[in-house]
Amino acid sequence: MDGGFIDCHCHISAAEFTKDTDDVIKRAKEAGVRMLISVTEEASEFEMAVQLSKSYSGLLAPCVGIHPVQCSDSRQHRSVTIQIGLDFTPWYTPYPQQRAEQQQVFRKQLEIAKEMDLPVNVHSRSAARQTISVLKEQGIGRALLHNFAGRPSVAMEGVKAGYCFSFPPAACRNEQRATVIKQIPLEHICLETDSPALGPDKHVRNEPKNIVLSCEYIAKVKSLTPEKVREATTWNAVRLFPRIGKILNQMTEPVLETDQQNKK
Ligand SMILES: [Zn+2]
C-alpha cells in the first residue's frame, strides 16, 4: 500500500508560514505528503510546534530542539525527535571557542535524546566528520543527517552506524550532492524539504509540496523509479521515527534491493 511522502525536516512553525499555514498544508496533502516532521530552531518556537501538531493531528509531528548557531537550554517532552547539530561554517563560527560551545550543547541534547529514547534530526554544516563521530561516541543509534553535504566516505561512516540521510529540493542543483546520493544505499535515505528554505529556487519560499522534486531527483541519480524512492524513503522514515505511527501498519515492506550502483 502507498504510504505517501514523509517530509522528515521542514519548519512549519517558521514565521514565513504563519499567514497561510492551512494552504501550505493543503498543497502538501495534494502532493501526496502523508506526514510532516516540523523542526524548530529555537526554544521560542516549541509551543507553536506542539500546537501545530494538535491542529494538524496525524499529519504533523513536532521535532523540538535548537539550531547549533545559538545556545539555550530547554526541554520539551512531546517531541517525536530532537533537532541538533554542529555548524562549523567559517562565517558563523570563526572562533574555536564557539565550536567548543556547539559541541557542548550538541552533546547535551544528545543526552536528552538518549534519556527520552528519541531519534535525532541533525543539522551539520562544514562539520560532517565531527558530527558523525560525536553521534557514534555518544552511542546514538537513530539519527537523520539532514541536508547532508559531507564527503561520500564520511557518509559511509554514518551508513555503517545505521544513520539516515535526507536531501531537500535545493540539493538537486548540486552536482557534488549527486555523488553522495549515489553512494548512500537507498535503505539509508529519507526525503525532506527544509521549507521554507532550500527550495528549487533560491529566492522563492520553499514548501513541503516540493518534496516531489527531491524524490524525482534521487530517483534520477540512482536510476530508480520515483515510486520506488517514495516507498523506500517513507519506510525508512517510519522505522527511524516510530512515533509517527500508523503509516507503517498500512504499508507492506518494500523490496529494498539495494541500488545497482552500490553493488558494483
Ligand atoms: Zn532546517
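**Getting to know a predicted protein model**

Colleague: Hello! What average pLDDT does the protein chain have, and what share of residues score at least 70?
Modeller: Good place to begin, since this is a predicted model. The protein chain averages a pLDDT of 84. The share of its residues that score at least 70 is 81%.

Colleague: Which element of the protein chain has the lowest mean pLDDT?
Modeller: Let's take both ends of the scale. Strand β8, residues 189-191, has the highest mean, at 97. At the other end, with a mean of 48, is helix α9.

Colleague: Over residues 71-79, how many contacts beyond four places in sequence does the model have?
Modeller: This is a stretch to read with care, as its pLDDT stays under 50. Beyond four places in sequence, the number of contacts for residues 71-79 is 15. The pLDDT is also below 50 over residues 259-264, where the contacts beyond near neighbours in sequence number 9. So, for residues 71-79, the count you asked for is 15.

Colleague: Thanks! How many helices and strands does the protein chain have, and what percentage of its residues count as buried?
Modeller: The chain has 9 helices and 8 strands. It holds 264 residues, and the part of them that counts as buried is 47%.

Colleague: Are helices α4 and α5 roughly parallel or roughly antiparallel?
Modeller: Helix α4 spans residues 128-137 and helix α5 spans residues 152-160, and their axes come within 10 Å. These axes cross at roughly 15°. Angles under 35 degrees count as roughly parallel, so α4 and α5 are roughly parallel.

Colleague: Which residues of α4 and α5 make the contact?
Modeller: The crossing of the two helices is left-handed. By class, their contact has 3 nonpolar, 1 polar and 2 charged residues. From α5 come V154, E157 and G158, and from α4 come A128, R129 and I132.

Colleague: Which residue does a cis peptide bond join to S195?
Modeller: The omega of this bond is about 5°.

Colleague: D117 and L198 both have a positive phi; is each one buried or exposed?
Modeller: Phi is near 55° for D117 and near 50° for L198. D117 lies in the loop between α3 and β5, while L198 sits in the loop between β8 and α7. L198 has 22 C-beta neighbours inside 10 Å, and a residue with 20 or more is buried, so L198 counts as buried. D117 has 10 other C-beta atoms within 10 Å, and 12 or fewer makes a residue exposed, so D117 is exposed.

Colleague: One last stop: how far apart are the C-alpha atoms of P254 and T234?
Modeller: P254 is in the loop between α8 and α9 and counts as partly exposed, with 18 C-beta neighbours inside 10 Å. Leaving aside neighbours within four places in sequence, P254 is in contact with E231, A232 and W235. T234 is 20 residues from P254 along the chain, and their C-alpha atoms are separated by 9.9 Å.

Key. Residues are numbered from 1 along each chain as its sequence is written. This is a predicted model: local features need pLDDT of at least 70, side-chain atom pairs count only at pLDDT 80 or more; totals for chains, interfaces and linings use all residues. pLDDT is the predictor's confidence in each residue, from 0 to 100. Helices (H or I, at least four residues) and strands (E, at least two) are DSSP runs, numbered from the N terminus. Two residues are in contact if their C-beta atoms, placed from the backbone, lie within 7 Å. Axes are lines fitted to C-alpha atoms, for helices over the stretch in contact, and angles run from 0 to 180 degrees between N-to-C directions. Angles under 35 degrees count as roughly parallel, over 145 as roughly antiparallel, 65 to 115 as roughly perpendicular and the rest as oblique. A crossing is left-handed if the near helix is turned anticlockwise from the far one by less than a right angle, and right-handed if clockwise. Ala, Val, Leu, Ile, Met, Phe, Trp, Tyr, Cys and Pro count as nonpolar, Asp, Glu, Lys and Arg as charged, and the others, Gly among them, as polar.
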